[in-house]
Structure formats: C-alpha cells, structure tokens
Amino acid sequence: MRMIWIDADAAPKDVVTTVHRLAEELSFSVYTVSSINHMLQGDNHITVDASPQATDLRIINAITDPFSTIVVTQDFGLAALVLAKGAFALSVKGMEYTKDNIDQLLFERAFHQHIRKKGLRNTGPKARTKQDQELFANTLKRMMVTILHQEKV
C-alpha cells in the first residue's frame, strides 16, 4: 500500500495541502500524526500523547512497506530512522534525506545543540520560500513516481 506519513507537529499547511493534492492524483494514502499539544484534526489524522518521541515512534512503527512509504518531516532523527527502515524521507523545504546527507545533518544538529547549551546563540532555520515549496512539490512527486515505477518492475 502506497503511503505518505506527515510529521504534523511542525508541518506547514501548504505542505499538507500539497501532499494531499498529489496523493489524490497518484493514489497514495496520507496520514498525519501529531501530539495532543497541537490539536489537529482531519481525515486519517492520528493524535499521540505529549511524550517527546511519541509522534516519531508512531510513524516508524507504521512503516510496514518501506519501499512504498514516504515520510515528510523536519526532524533529522526521525528521517534517519525512516532511512534505516528503507523508506523515503523528505523535508518540508524539499530536501530529500539520503544515506549520503543524514550523518552530516545529525552532526550539525548535535553541534548546534552543544552551542546552545554553552549559552551561545546561533541562527535558526531560514523561513520557507516559494522556491522551497516548489522544490518540495517536485521532490515529493519524483519520489511518488519512483514508487509507482518500482511497483511495475
């Protein structure tokens, strides 16, 4: 079964809208997952408790067919787990997480956490742009088409 899971704790609405539009076009099921702290609703929405990793664990445990699954997340840790299971992972800015880039991303996350613990400041992520949204839609569609082609082989 072709599925797209959205880590909805921090997913922008336009990302969710784009996923639903493309999923309908290409026959994918979409599931959103968020903690009770975010009070989201909708078809195929799953609410989990407020523990720090509840959303991530719910998504990881739901991946039963990794070759037909895409996960949309801003969380590098979740992306690493998704890749380890063999599924596709995509950021809300359109960057495909891969085995070639995930280690560097995790390192940078740890480095920035270290800087913050020392009381130093660093800049946060840049705001999403229209180009990021276009890249997101294009990368998502490419992943979906890849899954469809894999099914035909």
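**Aromatic pairs**

A: There are 2 aromatic pairs, counting rings of Phe, Tyr and Trp (its six-membered ring) whose centres lie within 6.5 Å, with planes under 30 degrees apart called stacked, over 60 edge-to-face and the rest tilted. The model is predicted, so local features need pLDDT of at least 70 and side-chain atom pairs count only at pLDDT 80 or more, while totals for chains, interfaces and linings use all residues. Residues are numbered from 1 along each chain as its sequence is written, and side-chain values use heavy atoms, with hydrogens and water left out.

Trp5 and Tyr31 form a stacked pair, because their ring centres are 4.6 Å apart and their planes meet at 20°. This pair joins distant parts of the chain, 26 residues apart, with Trp5 in strand β1 (residues 3-7) and Tyr31 in strand β2 (residues 29-35); helices (H or I, at least four residues) and strands (E, at least two) are DSSP runs, numbered from the N terminus. Trp5 has a relative accessible area of 3% and is buried, where buried means under 20% relative accessible area, exposed over 50% and partly exposed in between (1.4 Å probe, protein chains only).

Phe76 and Tyr97 form an edge-to-face pair, because their ring centres are 6.0 Å apart and their planes lie at 70°. Here too distant parts of the chain are linked, 21 residues apart, with Phe76 in helix α3 (residues 76-85) and Tyr97 in strand β6 (residues 96-97). Phe76 is partly exposed, at a relative accessible area of 21%, whereas Tyr97 is buried, at 2% relative accessibility.
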